[in-house]
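Colleague: I have just opened this one and would like a walk through it. Could we start with how the strands are arranged?

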Amino acid sequence: MTVTELPQSATAGLYQEIQQFYARQMHLLDDGRVEEWAGTFTEDGVFAANAQPVPAAGRPAITEAAAKATEAYAEAGVQRRHWLGMVSVESATASAVTARCYALVIETPRGGRPEIKASTLCEDRIVRVDGTWQIQDRRITRDDLI
């Protein structure tokens with residue numbers, strides 16, 4: 001496979017679905033809609049990051065961790081935005097996708113200037129549950145902590 005080819009089963013329609021999923025997911029998080037964002041993970045989903053000592057396992061733990069971070073940003077008067085790009089569907093079946101993308105985390109303090117706070121690699125296993133995509137396993141690797 002060359003770098004310009006998608007895996008056989010990753011059609012343009014599927015690729016577009018995954019990009020739309022990511023866009024919706026990040027909008028939910030950046031808008032502070034933590035419960036809805038956590039709902040984009042499976043009940044037994046895992047969120048692991050090299051910046052955290054222990055992965056958040058299960059939707060309740062993922063919700064709690066995201067809520068704490070969102071509250072801290074709100075209290076500090078900081079708007080956080082996630083910019084995802086270079087989405088690559090690595091493998092796909094009718095019910096599961098392995099995808100990678102780069103994510104920039106941009107923070108803007110109230111009245112201040114935006115600043116890129118983190119550059120990361122995001123690796124996901126995304127599964128179809130009741131007709132919708134959900135993250136089963138997410139691995140975030142911050143470039144500055146490699």
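Modeller: Let me begin with terms: helices (H or I, at least four residues) and strands (E, at least two) are DSSP runs, numbered from the N terminus, and two strands pair if DSSP finds at least two bridges between them. This is a predicted model, in which local features need pLDDT of at least 70 and side-chain atom pairs count only at pLDDT 80 or more, while totals for chains, interfaces and linings use all residues. Residues are numbered from 1 along each chain as its sequence is written, and side-chain values use heavy atoms, with hydrogens and water left out.

Colleague: OK, which residue in β4 stands opposite G85?

Modeller: G85 stands opposite Y102 in β4. Strand β3, residues 78–92, and strand β4, residues 96–109, run antiparallel and are joined by twelve bridges, and the two form a hairpin with three residues between them.

Colleague: And what is the strand order in the open sheet?

Modeller: The sheet has six strands in the order β2-β1-β6-β5-β4-β3, with mixed pairing. The edges are taken by β2 (56–57) and β3, each with a single partner strand, so one side of each is left without a neighbour in the sheet. Helix α1, residues 12–30, packs on the sheet and touches β1, β3, β4, β5 (115–129) and β6, where contact means heavy atoms within 4.5 Å. The direction of α1 makes about 160° with that of β3; axes here are lines fitted to C-alpha atoms, for helices over the stretch in contact, and angles run from 0 to 180 degrees between N-to-C directions.

Colleague: How do β1 and β6 run, parallel or antiparallel?

Modeller: Strand β1 (residues 41–49) and strand β6 (residues 132–142) run parallel and are joined by five bridges, with A49 standing opposite I140 in β6. Helix α3 lies across β1, β2, β3, β4 and β6, running at about 55° to β1.

Colleague: Changing topic, what does R59 touch?

Modeller: R59 lies in helix α3, which covers residues 59–76. Not counting residues up to four places away in sequence, R59 touches A38, G39, F41, T42, E43 and Q134. A polar atom of the R59 side chain lies 2.6 Å from the backbone oxygen of F41, and the backbone oxygen of A38 lies 3.4 Å from a polar atom of that side chain. A polar contact is a pair of N or O atoms within 3.5 Å; within protein, one must be able to donate a hydrogen and the other to accept it, and residues adjacent in sequence count only if both atoms are side-chain atoms.

Colleague: Is R59 buried or exposed?

Modeller: R59 is buried, with a relative accessible area of 18%, where buried means under 20% relative accessible area, exposed over 50%, and partly exposed in between (1.4 Å probe, protein chains only).

Colleague: How many aromatic pairs are there?

Modeller: The count is four aromatic pairs, under a rule in which rings of Phe, Tyr and Trp (its six-membered ring) pair if their centres lie within 6.5 Å, with planes under 30 degrees apart counted as stacked, over 60 as edge-to-face and the rest as tilted. One of them joins F21 and Y22, whose ring centres are 6.0 Å apart and whose planes stand at 50°, so the pair is tilted. Both F21 and Y22 are buried. For W37 and F41, the centres are 5.0 Å apart and the planes at 65°, so that pair is edge-to-face. Ring pairs also link W37, F41 and F47 into a cluster. W37 is buried at a relative accessible area of 4%, and F41 is buried at 0%.

Colleague: What about the cysteines, how many disulfides does the count give?

Modeller: The count comes to zero disulfides, taking a disulfide as a pair of cysteine sulfur atoms within 2.5 Å. C101 is in no disulfide, and the nearest cysteine sulfur, that of C122, is 4.2 Å away. C101 is buried, with a relative accessible area of 2%, and C122 is buried, with 3%.

Colleague: Last one, where is M86 and what is its phi near?

Modeller: M86 is in strand β3, and its phi is near 55°, a positive value in a residue other than glycine. At 65% relative accessibility, M86 counts as exposed. Phi of D130 is also positive, near 50°, and D130 lies in the loop between β5 and β6, where at 81% relative accessibility D130 counts as exposed.
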